[in-house]
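Please examine the sequence and the structure shown below. The report that follows describes how some of its parts pack together.

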Amino acid sequence: TLSTKSECSMTVRTRVAPSPTGDPHLGTAYMALFNRAFAKKFGGQFVLRIEDTDQARSTVESEQVIFDALRWMGLEWDEGPDIEGSSGPYRQSERLEHYAKHAAELVEYGHAFHCFCSTERLAELRRAQQSAGETPRYDGLCLGLDEADKVRRLENGDAHVIRLRVPDNGECTFEDGLRGIITIPWQQVDMQVLVKSDGFPTYHLAVVVDDHMMDITHVLRGEEWISSVPKHVLLYQHFGWEMPSHYHLPLLRNPDQTKMSKRRNPTSINYYRRCGYLPETLLNYLALMGWSMPDQSEMFSFDEMVEAFDIDRMSAGAPVFDIEKLNWLNGQYIRDMSATAFMDRVAEWAVNRERFQELVPLVQERTERFIDLLPQVDYLLGERAEITQANFEHKELDDGDCIRILDHALRTLERTRSWERDDLFDELKSLAEAMDVKFRDFLFPLFVAISGRDVSLPLFDSLAFLGSDLSQSRIRTAIDVLGGVSKKERRRLELEFKDLDR
């Protein structure tokens with residue numbers, strides 16, 4: 001049984017650990033906010049750790065964007081990849097020797113084992129279990145491997161992973177700081193992969209080793225990790241370590257109570273930054289998603305939050321992220337500014353010299369009078385003009401063709417690592433060729449989706465200026481304007497996209 005530690009008897013240390021695999025997510029800021037507030041309330045430290053063990057998707061560029069986005073929101077850290085501390089390094093890719101050592105220790109004492117099962121066998125096992133109405137989990141086949149056979153296969157370099165051994169019977173009981181005592185039967189817990197075939201750890205091994213080695217005392221993370229706690233309890237027990245206190249925060253929700261995702265709502269911090277939301281507004285609103293001030297006031301600073309912070313005032317209910325409420329709150333902050341502060345913030349957001357410099361190559365050659373300037377760039381500095389289905393009328397493309405192009409372009413852009421003009425051009429030109437669509441026709445629905453027009457400044461320069469978050473959001477809303485896609489249609493488009501010869 002895991003019990004909650006006393007916050008008064010130790011130096012409180014919390015952390016946030018994002019993966020540098022895309023745009024910085026609002027959920028990361030949400031977790032960072034409460035971890036930082038908790039640490040500051042007790043005079044402790046807040047640590048930033050980068051979980052970059054997904055070699056295929058992690059990038060240095062995404063890491064830097066995370067740094068910039070969190071700092072824009074005022075969520076500074078005391079230790080991290082760019083701030084030296086006593087518990088580094090703070091990138092998991094630089095800590096592989098620690099994971100290898102501890103994984104070997106688990107295997108040596110029989111708490112973990114080598115698994116040589118193929119992905120095909122595992123997929124078939126999962127299908128059979130689901131058909132039988134069983135909880136999908138590894139069946140323990142490799143637990144019974146002959147020792148000599150196992151050694152031979154390891155020496156031959158056969159592909160394998162390392163899995164955690166899990167009890168067959170009984171249950172795991174632990175205490176959650178927000179939810180109280182939770183019990184999960186071991187029959188519902190999978191024999192988790194701890195080390196992948198590429199030698200990199202999974203989240204479950206790395207998070208336990210890192211939290212222990214970095215002296216993390218309290219973990220505030222999303223409720224989706226509740227089902228994983230028994231695996232972590234086992235690891236702490238096997239290593240003989242004291243487990244941090246855990247608090248599982250409710251996930252941000254759409255108004256229909258579904259989990260907030262980029263296909264339903266913009267989730268990138270930078271989307272809100274580029275749209276002109278104030279960082280103090282966004283921080284204030286995220287705080288309201290999981291906590292309330294003692295006097296129920298809705299507007300407060302981070303320092304005021306810390307002063308009044310009490311973990312017992314946190315809610316385990318599902319918070320609804322309401323854009324209209326956020327807009328209202330942002331308006332309150334704007335109207336509270338002095339005229340001078342308002343002008344300064346507008347200049348910082350839209351017309352600062354560095355940002356305007358990006359526009360100069362696009363507009364200088366197309367401008368005869370300064371009055372001509374704003375009509376050219378209105379969709380870059382402001383909202384795109386409202387679009388309707390009629391905007392997508394085209395002599396060569398019907399609505400289905402436009403949806404197909406926008407869907408495939410969106411999938412391509414979501415996995416595009418470099419958001420530079422020439423790289424974007426190369427990616428989408430290659431996609432048009434794979435789809436066997438003339439490039440001029442291919443670009444048409446994208447021009448409309450991005451600018452609200454059929455003629456605008458060069459598309460790829462516009463994409464580069466707007467950034468990935470705003471660009472992708474506009475494409476998603478354009479698909480909705482065209483009628484959207486059902487789950488069945490989305491699956492069909494996904495399979496079609498995967499089958500393209502690129």
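## Helices α16 and α17

In this predicted model, α16 and α17 cross in a right-handed manner, meaning that the near helix is turned clockwise from the far one by less than a right angle. Their axes, lines fitted to C-alpha atoms over the stretch in contact, come within 9 Å and cross at roughly 115 degrees, on a scale from 0 to 180 degrees between N-to-C directions. Helix α17 spans residues 439–451; helices here are DSSP runs (H or I) of at least four residues, numbered from the N terminus.

F425, L428, K429, L431, A432 and M435 of α16 are in contact (heavy atoms within 4.5 Å) with F439, F442 and L446 of α17. This contact has eight nonpolar, no polar and one charged residues; Ala, Val, Leu, Ile, Met, Phe, Trp, Tyr, Cys and Pro count as nonpolar, Asp, Glu, Lys and Arg as charged, and the others, Gly among them, as polar.

## Helices α15 and α16

Helix α15 (residues 399–414) packs against α16 (residues 421–435) at an angle of about 135 degrees, with the axes 10 Å apart. That angle makes α15 oblique to α16, a class left over once angles under 35 degrees (roughly parallel), over 145 (roughly antiparallel) and 65 to 115 (roughly perpendicular) are set aside. This crossing is right-handed.

## Notes on the model

Residues are numbered from 1 along each chain as its sequence is written. Local features need pLDDT of at least 70, side-chain atom pairs count only at pLDDT 80 or more, and totals for chains, interfaces and linings use all residues, while side-chain values use heavy atoms, without hydrogens and water.

How values were computed. Helices (H or I, at least four residues) and strands (E, at least two) are DSSP runs, numbered from the N terminus.
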